[in-house]
Amino acid sequence: MNKLQNVNGLKLLMNLPGLLKNAPDTLTSISSGEKDILRVGFNKDYFLFLTRPEHYKYVLKTNSPNFPRGKSAGDLKPILGNGIFISGEDDWKRQRHYLAPAFHTKFFEEFYPIVLEETGLFIGMLENAASKGIRPNFSFELKKLAARISFRTMFVNEKDLLKDELLHALDMIYENASFYKHSMRQAFRLLFKREDAFGYGSKVKPAFELIDKTAWAIFEDSLTGRKQPMEFVTVLTEEVNGGRIEKQEAVDEIKNIIFAGYDTVGETLTWLWFTLSKEKKYRQILREEVYSKCGGDPPKYEQLQEMNMLLMFIKETMRLYPVVWAFHRIARENDEIEGYPVKKNEWIMMSPYVLHRNRDLWNEPLVFNPYRFEGDSNTVPVRYDYLPFGQGPHVCLGNRLGMFELQVIIGAIVQKYDFVYEREHPGIFADILIRQKNKLFMDVVKG
Ligand code: HEM
């Protein structure tokens with residue numbers, strides 16, 4: 001039997017400020033050069049941290065039934081209810097089964113004009129900023145773009161469905177889900193022995209209520225025929241009308257997609273923006289590739305497959321900045337992960353961010369080099385050293401949709417604009433996602 005490496009006592013104490021402030025980089029440094037599974041924590045409060053692709057494969061795929069998500073996503077339960085991110089394995093299987101068809105690539109042709117129109121509106125904002133010398137806050141504007149696309153492709157194809165106040169409400173909830181605040185809530189739970197002690201505080205309550213109200217309105221308008229829903233909501237109304245699920249579950253699924261569908265794409269876009277400004281050589285190659293195919297127009301749907309650098313550039317950005325930087329599982333029964341003992345109910349933490357920066361797996365991991373992905377035309381490759389969308393039965397349902405959006409948006413914009421960000425690295429702030437610590441206010445320069 002292999003031996004778990006303990007990260008406890010003084011070593012943990014010394015790393016605690018780093019873990020609370022910047023968990024992704026601190027975990028990268030703690031696990032540097034480690035081949036063993038780490039046991040990180042004090043006494044009974046610990047998690048197992050996987051370090052090798054073989055460990056990931058075992059947990060995510062080979063014996064995935066023994067490693068459900070369990071309560072590991074529980075912090076968001078008060079808002080996400082019993083939707084696909086939170087539900088136990090039996091509900092999850094049923095939900096995945098009825099939701100998956102709504103993500104089929106056959107709908108992308110219908111989504112394409114929506115992505116294009118929203119990108120056009122975004123370009124209009126850029127033009128305006130360029131002419132007036134304004135520096136937009138890209139961290140916000142890109143998220144807004146992703147959210148508008150998500151609402152129109154998933155729920156109802158209406159331009160004014162999404163209000164800015166909802167985006168601010170979502171931001172507030174995410175901010176309260178940081179590693180630091182999560183740790184505070186854990187401490188609160190342990191001290192007061194209250195599972196329901198969500199502890200988000202009264203300021204967040206109106207944000208919860210607004211999201212709930214929005215999801216109910218989307219669902220009821222579709223159920224009663226007041227609005228024509230997109231496929232995702234159609235699937236839900238059919239399930240409710242067929243008596244297979246309750247209305248509450250349908251609304252929970254809408255809230256789950258509100259969370260999963262926009263911020264992931266939006267934050268990936270902000271990292272792409274930052275990378276485009278920094279990696280001038282590759283940006284030029286990318287721009288020439290896209291221009292040679294599209295001649296200044298946005299990429300057509302069928303042209304997306306032909307642009308290798310576009311795909312490689314996105315994949316390499318997602319290697320360095322996989323926005324879902326960590327996910328968790330809980331062992332259902334005692335087990336062995338590649339010879340390492342795991343006990344029932346132990347928490348397992350996995351981090352694509354840490355894995356993607358592992359020196360043993362990637363040559364010069366901190367260097368941006370899109371050619372690492374040369375020759376792999378799969379938008380979502382199946383491998384266990386590269387996991388921006390996870391892997392196995394829980395692999396991201398929106399992975400192809402997310403990649404498609406990124407390809408169209410970046411393809412349309414890279415031909416027209418230069419990206420200027422002369423300051424130092426904006427820093428990392430981690431909650432459920434990794435974001436820039438300093439918001440990306442950038443100049444807009446027509447290229
Ligand atoms: C760049 C964009 C995206 C990234 C990086 C991303 C990443 C991920 C990751 C890593 C997981 C797996 C978590 C785990 O194993 O515990 C996941 C799951 C999921 N994602 Fe995404 N995602 C993206 C976009 C989207 C979009 C656009 C949607 C929907 C519109 C979506 C819907 C989901 C759902 C429903 C799950 C849960 C799947 C399940 O448990 O069966 N994601 N995503």
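Which exposed residues sit on the face of α10 turned away from its buried side? Select K205, P206, E209 and K213 and you have them. Keep in mind as you click around that this is a predicted model.

Now widen the selection to the whole of helix α10, residues 205-223.

Next, pick out A207, I211, T214, A215, I218, F219 and S222, the buried residues of α10. Turn the view until you look down the helix axis: these buried residues fall within an arc of 125 degrees, so they line one face of the helix.

What do those buried residues pack against? Show α4 (77-80), α8 (164-175), α11 (231-241) and α12 (247-278), and you have the partners. Before leaving, step past the end of α10 to G225, which follows the helix and has a positive phi, near 80 degrees.

Of the 24 residues around the ligand, G261, G390, C396, G398 and G402 come nearest. Colour by element and you will find that α7 (138-154), α12 and α16 (399-414) each give two or more residues to this shell. The largest share, six residues, comes from α12, the helix that also packs against the buried residues of α10. Colour by class instead, and the shell splits into 14 nonpolar, eight polar and two charged residues.

Most residues other than glycine have a negative phi. Where do you find exceptions? N43 lies in the loop between β2 (38-42) and β3 (45-49). Is N43 buried or exposed? Count the C-beta neighbours inside 10 Å: there are 6, so N43 counts as exposed.

Then jump to E338, another residue other than glycine with a positive phi, this one near 50 degrees. E338 also lies in a loop, between β5 (335-337) and β6 (340-342). Here 14 other C-beta atoms lie within 10 Å, so E338 is partly exposed.

Note on methods:
Residues numbered from 1 in each chain as written. Predicted model: local features only at pLDDT ≥ 70, side-chain atom pairs only at ≥ 80, totals over all residues. Helix = DSSP H or I, 4+ residues; strand = E, 2+ residues; numbered from the N terminus. Buried ≥ 20, exposed ≤ 12 C-beta atoms within 10 Å, placed from the backbone. Expected span 1.5 Å × (residues − 1). Arc of directions from axis to C-beta. Contact = placed C-beta atoms within 7 Å. Near = placed C-beta within 6 Å. Nonpolar A, V, L, I, M, F, W, Y, C, P; charged D, E, K, R; others polar.
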